[in-house]
Amino acid sequence: SPEGEDARLLRLELPEDATPEDALRHLVKEHPALAPRRRSLAAAVNRRYAAFDAPLAEGDEVVFIPPVSGG
């Protein structure tokens with residue numbers, strides 16, 4: 001289950017050779033306001049940081065992480 005009150009769980013149908021970048025593009029089509037945030041996001045696949053061009057497998061969990069700061 002998603003953690004945090006801003007978390008959203010979506011199931012996406014993507015092509016076999018999809019990447020986190022493809023998943024984000026799909027989300028931007030539905031929510032264009034996300035587009036400007038791309039440069040500041042990190043991607044994680046199955047709870048591990050991943051490159052935006054990493055291959056995805058069926059059932060993978062992809063998370064886009066905004067910049068965080070703290071002290």
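Q: Where is Glu21 found?
A: Glu21 is in helix α1. Bear in mind that this is a predicted model.

Q: Buried or exposed, that Glu21?
A: Buried: Glu21 has a relative accessibility of 18%, and the cut-off for buried is under 20%.

Q: What does the Glu21 side chain pair with in a polar contact?
A: The side chain of Arg38, at 2.8 Å.

Q: And which residues does Glu21 touch, leaving out those up to four places away in sequence?
A: Arg38 again, and also Phe52.

Q: Switching to the nonpolar side: which residues make up the largest nonpolar core?
A: There are seven: Ala23, Leu24, Leu27, Leu41, Ala43, Phe52 and Phe64. Phe52, a residue that Glu21 touches, is therefore part of that core by the side-chain links that define one.

Q: Which element gives the most to this core?
A: Helix α1, residues 20-30, with three residues.

Q: Take Leu27. What is Leu27 in contact with, leaving aside neighbours within four places?
A: Leu10, Leu12, Leu34 and Phe64. Of these, Phe64 is listed in the largest core along with Leu27.

Q: Zooming out, how many helices and strands does the chain have?
A: One helix and three strands, running α-β-β-β from the N terminus.

Q: How much of the chain counts as buried?
A: 21% of its 71 residues.

Q: What about the accessible surface?
A: About 6100 Å², with 50% of that belonging to carbon and sulfur atoms.

Q: Last one: what share of the contacts with a separation of 6 or more is between residues 24 or more positions apart?
A: 38%.

Notes. Residues numbered from 1 in each chain as written. Predicted model: local features only at pLDDT ≥ 70, side-chain atom pairs only at ≥ 80, totals over all residues. Heavy atoms only, no water. Core = buried A, V, L, I, M, F, W, Y, C linked by side-chain atoms within 4.5 Å. Buried < 20%, exposed > 50% of the residue type's maximum accessible area, 1.4 Å probe, protein only. Helix = DSSP H or I, 4+ residues; strand = E, 2+ residues; numbered from the N terminus. Contact = heavy atoms within 4.5 Å. Polar contact = N/O pair within 3.5 Å; in protein donor to acceptor, adjacent residues only side chain to side chain. Areas by Shrake-Rupley, 256 points an atom, 1.4 Å probe, with all protein chains shown as cover.
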